[in-house]
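Dear colleague,

Please read them alongside the coordinates.

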Amino acid sequence: MGAPMAANLLKAGWAVTAWNRSTAAVDEFVQLGGASAASVADLRDQPVIIFMLPDLSFIEEAASGLLDEWRLAPPEPGTLVVVMSSVSPVGVQAFGLAVTEASAGNATVLDAPVSGGTEGAQRGNLAIMAGGSEENFARLLPVFEAMGTTVKRLGELGAGSLAKACNQLIVGTTTAALAEAAELAERSGMDVGALFEVLSGGLAASRVLEFVGPRLAAKDYAPTGPAKFMHKDLSFVLESAAAVDAVVPMASAGVELYAELKAQGLGDLDLAVVRQTIANLSTPVAGTSTAGTSTDVIDTVQETTP
């Protein structure tokens with residue numbers, strides 16, 4: 001998602017220098033008019049540094065050289081480091097402390113995870129949930145508005161990541177519920193597409209049903225984003241709930257289900273593949289072959305993906 005987000009910053013007139021773990025994406029970005037950096041440490045003098053990597057551990061590893069540079073010579077006061085990945089609310093606060101220490105207090109971390117998927121990143125209509133001071137949020141608002149249409153500050157550092165965890169709680173468990181409904185309906189002789197069509201006209205209607213429902217009905221698991229990340233994100237819900245003594249039974253069930261999804265070897269497929277996870281846990285329908293080993297599903301994806 002980082003590539004289209006950076007491209008939208010270019011379109012909005014921002015000067016953007018990019019680094020990526022693989023060079024192909026950077027080469028494409030340079031062709032759009034962006035600049036490239038050989039390492040994250042080479043970005044040490046940039047006023048705003050944005051990270052969009054799979055998890056906080058990747059960010060900490062990528063930023064290690066940058067923080068070493070700052071320990072030798074601190075950056076300019078007011079330097080902003082923005083974590084736009086889905087990460088642990090507790091972990092991003094610890095990362096903020098590490099950045100403050102390494103930069104002699106001259107750099108500050110904000111968390112601003114996004115929702116909307118690859119399509120939202122391409123269209124520039126992401127929802128952006130930010131955590132940080134009001135002053136720093138105001139400075140970054142024009143940057144965020146180049147990538148998203150719904151931008152909101154939820155509180156101090158960590159609040160954005162907690163909001164994203166709540167988002168994933170709703171998306172992950174709703175997708176799982178729709179997957180259960182689809183499997184139950186089909187095994188009972190009902191057309192899943194017709195079921196979802198009528199559900200979309202009632203109280204069960206949702207953006208999740210709108211976007212994931214067709215893939216669940218068609219058993220289309222071609223990846224738009226790896227399903228394995230939902231397990232990570234729901235684990236952040238459990239971590240945050242434990243910190244405030246909240247009970248989150250739906251998140252707990254979701255963590256177990258998506259752990260099973262990963263154990264079945266389906267983690268790199270689309271989130272809709274949670275339906276296959278449920279099918280694999282179910283008794284095969286009489287008169288049919290055993291459905292959906294991970295190999296079966298991956299073969300289907302390879303055959304149907306352009």
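**Helix 3 and helix 4**

In helix 3, the residues L56, I59, E60, A63, L67, W70 and R71 meet G91, V92, F95, A98, V99, E101 and A102 of helix 4, where contact means heavy atoms within 4.5 Å. This contact divides into ten nonpolar, one polar and three charged residues (Ala, Val, Leu, Ile, Met, Phe, Trp, Tyr, Cys and Pro count as nonpolar, Asp, Glu, Lys and Arg as charged, and the others, Gly among them, as polar).

This is a predicted model, in which local features need pLDDT of at least 70 and side-chain atom pairs count only at pLDDT 80 or more, while totals for chains, interfaces and linings use all residues. Residues are numbered from 1 along each chain as its sequence is written, and side-chain values use heavy atoms, with hydrogens and water left out.

Helix 3 (residues 56-72) and helix 4 (residues 89-102) pack at an angle of about 15°, their axes being 9 Å apart (helices are DSSP runs of H or I, at least four residues, numbered from the N terminus; axes are lines fitted to C-alpha atoms over the stretch in contact, and angles run from 0 to 180 degrees between N-to-C directions). Helix 3 is therefore roughly parallel to helix 4, a term used for angles under 35 degrees.

**E28**

E28 lies in helix 2 (residues 23-31), and it counts as exposed because its relative accessibility is 54% (exposed means over 50%, with a 1.4 Å probe and protein chains only).

Best regards

Technical notes
Helices (H or I, at least four residues) and strands (E, at least two) are DSSP runs, numbered from the N terminus. Buried means under 20% relative accessible area, exposed over 50%, partly exposed in between (1.4 Å probe, protein chains only). Angles under 35 degrees count as roughly parallel, over 145 as roughly antiparallel, 65 to 115 as roughly perpendicular and the rest as oblique.
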